[in-house]
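User: I am new to this structure and would like to go through it. Could we begin once it is on display?
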Amino acid sequence: MSGNFRQDRLMHWVIAVLVLAALASGFAMTRTEPFSLALLQAHLGCGIAAGLLTLLRVLIWFKRGAPQPIYPVSSRLQKVVSRIVHGLLRLVPLALLASGAGMIAFSGAFPPIREGTLQGLVAFQDLPPRNLHHMAALLLAALTALHVGAAIWHFRKTNAKSPS
């Protein structure tokens with residue numbers, strides 16, 4: 001197993017955990033009352049880390065090329081769907097990073113978030129990046145579910161025992 005493969009897998013799983021934490025904290029933050037600044041801070045930390053690591057991963061892929069697939073792809077349709085899903089899994093976190101940074105910048109909410117004095121999400125309510133951020137988050141959740149489902153399907157198919 002090459003060092004690059006191990007690094008790619010490690011970065012994959014670190015990003016996956018951060019993305020799931022950002023999605024969960026973002027969903028919880030918008031669905032709970034009263035407002036939780038701690039959830040917002042966790043969401044920002046996980047989202048920024050996931051976005052920046054995704055950016056780093058994309059830059060590495062531009063330099064070295066994308067890693068080889070773990071499981072063989074058996075049809076043209078699978079190959080096309082795989083490329084689309086993997087491409088979007090690279091781009092959507094970057095859109096979330098940009099739209100989240102845009103909301104923070106446009107709202108001027110960074111100082112109150114840092115100081116722990118932000119009282120709610122009203123500062124973000126009417127900002128242009130908000131809808132993009134929410135749509136991208138839903139798309140990322142759907143892509144993640146599709147990606148996990150495909151990985152389980154490939155794993156089961158690859159490791160299926162032949163009848164004796």
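User: Which side chains meet arginine 114 in a salt bridge?
Analyst: The side chain of arginine 114 meets that of glutamate 115, with 3.6 Å from N to O. A salt bridge here means a side-chain nitrogen of Lys or Arg within 4 Å of a carboxyl oxygen of Asp or Glu.
User: Are arginine 114 and glutamate 115 buried or exposed?
Analyst: Both are exposed. Exposed means over 50% relative accessible area, buried means under 20%, and partly exposed lies in between (1.4 Å probe, protein chains only).
User: What kind of model is this, and how are residues numbered?
Analyst: The model is predicted: local features need pLDDT of at least 70, side-chain atom pairs count only at pLDDT 80 or more, and totals for chains, interfaces and linings use all residues. Residues are numbered from 1 along each chain as its sequence is written, and side-chain values use heavy atoms, leaving out hydrogens and water.
User: How many salt bridges are in the whole structure?
Analyst: A search finds two. One of them joins the side chains of arginine 64 and aspartate 8, at 2.7 Å from N to O.
User: Where do arginine 64 and aspartate 8 lie?
Analyst: Arginine 64 is in helix H2 and aspartate 8 in helix H1 (residues 3-31), so the pair, 56 residues apart, links distant parts of the chain. Helices (H or I, at least four residues) are DSSP runs, numbered from the N terminus.
User: Why does aspartate 8 count as buried?
Analyst: Because its relative accessible area is 12%. Arginine 64, at 38% relative accessibility, counts as partly exposed.

Terms used: Helices (H or I, at least four residues) and strands (E, at least two) are DSSP runs, numbered from the N terminus.
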